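Have the structure open as you read.

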Amino acid sequence: MLAGARRLPARLATGFARRAQLILCAGLAALLPGLTVADTIMAARYTDPTDRYAHGILGDAVEWGTLEVTLKDGTQRRFILPETLVFEDVAPRLSDLDADGSPEVIVVESSLTLGARLVVYGPSGRLAMTDHIGRKNRWLAPIGAADFTGDGRSEIAMVVTPHLAGKLVILTFDGAHLTPIATTNGLTNHRIGDTDIAGGIRNCQGTPQMILAEMPWRTGGDAKMVAVSLSKGALTRAPFKEPFTQQNIAQALTCAIDPS
């Protein structure tokens with residue numbers, strides 16, 4: 001459907017400029033043992049738009065077929081998905097998950113039949129992944145990565161099925177596997193049709209907190225905004241008096257407002 005005179009969907013027509021702004025760049029990084037300077041990832045983006053997965057959770061049926069990473073020497077590597085998969089996401093995220101000074105790339109891959117999974121890429125391709133959710137049109141929304149456990153390494157936070165169970169999951173990465181260490185339900189960071197993933201992670205007093213909404217969160221209605229922390233293996237919530245709106249989220253992420 002992308003060929004011919006069909007007008008591109010609004011998210012795709014504006015998406016190139018918006019997503020170009022979302023390309024995340026890493027600073028000068030230390031090298032992984034055994035790798036050359038060219039193997040350090042500096043930036044990443046999605047390319048090759050495709051409509052082969054008609055889920056439309058991000059506002060239209062256009063997703064992405066390729067992850068392109070830029071290395072420190074300026075060369076690029078492209079990881080092209082098979083026809084059975086798409087990148088169902090707003091932008092790849094760069095984070096140094098193993099504390100070696102060199103970033104990995106966090107993405108969402110969706111199967112046309114088995115739904116979404118979270119995947120970590122390195123300069124040579126996939127390093128680790130979760131299982132697919134298990135059925136088509138089931139999605140997950142990453143929150144980001146931070147040192148939630150205080151061990152000096154970053155963990156990944158995501159919301160699995162943010163429109164259904166709203167399952168918050170914290171995952172550790174050991175270089176080859178993603179392992180859940182804490183979960184709780186009833187939290188979300190996305191509404192069906194929104195082109196962006198809301199909320200995020202803040203670190204106001206030395207402890208990372210996830211800024212999320214308590215379910216339900218629907219278009220035209222307010223949701224309760226909460227700060228979620230991990231302590232001794234348990235996830236705890238602290239509610240804000242302010243609702244989960246774009247302005248309040250921005251203030252919470254910059255530590256301008258705190259839970260009541």
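At 34% relative accessibility, D48 counts as partly exposed. Please keep in mind that this is a predicted model. The salt-bridge partner of D48 is R78, with N and O 2.7 Å apart. In the chain the two sit 30 residues from each other, with D48 in strand β1 (residues 41-50) and R78 in strand β3 (residues 76-80), so the pair links distant parts of the chain. R78 is partly exposed as well, with a relative accessible area of 40%.

How many salt bridges are there in total? The count comes to 11. Behind such pairs is a simple idea: side chains of opposite charge can pair when their charged atoms come close. Here are three of these bridges, ready for you to find on screen.

| Salt bridge | N to O distance |
|---|---|
| R78 and D48 | 2.7 Å |
| E109 and R117 | 2.8 Å |
| D258 and R202 | 3.0 Å |

The bridge between D258 and R202 has its closest N and O atoms 3.0 Å apart. This pair, too, links distant parts of the chain: R202 belongs to strand β14 (residues 200-203), while D258 lies in the segment after α2 (246-253), 56 residues apart. Elsewhere, salt bridges with shared partners join R45, D48, E68 and R78 into one network.

Now for the empty space. Rolling a probe the size of a water molecule over the atoms shows where such space is left. The largest pocket has a volume of about 770 Å³. Its lining is made up of 27 residues, and V90, D196, I197, A198 and G199 are the ones nearest the centre of the pocket. Which elements give two or more residues to this lining? They are β5 (93-95), β9 (140-146) and α2. Strand β9 gives the most, with four residues.

What does the lining of the largest pocket look like by class? It has 14 nonpolar, eight polar and five charged residues.

Technical notes: Residues numbered from 1 in each chain as written. Predicted model: local features only at pLDDT ≥ 70, side-chain atom pairs only at ≥ 80, totals over all residues. Heavy atoms only, no water. Salt bridge = Lys/Arg side-chain N within 4 Å of Asp/Glu carboxyl O. Buried < 20%, exposed > 50% of the residue type's maximum accessible area, 1.4 Å probe, protein only. 1 Å grid on protein atoms, 1.4 Å probe; cavity = no way out; pocket = protein on both sides within 12 Å on 5 of 7 lines; lining within 4 Å. Points joined across faces, edges and corners; volume = space filled by probe spheres on them. Nonpolar A, V, L, I, M, F, W, Y, C, P; charged D, E, K, R; others polar.
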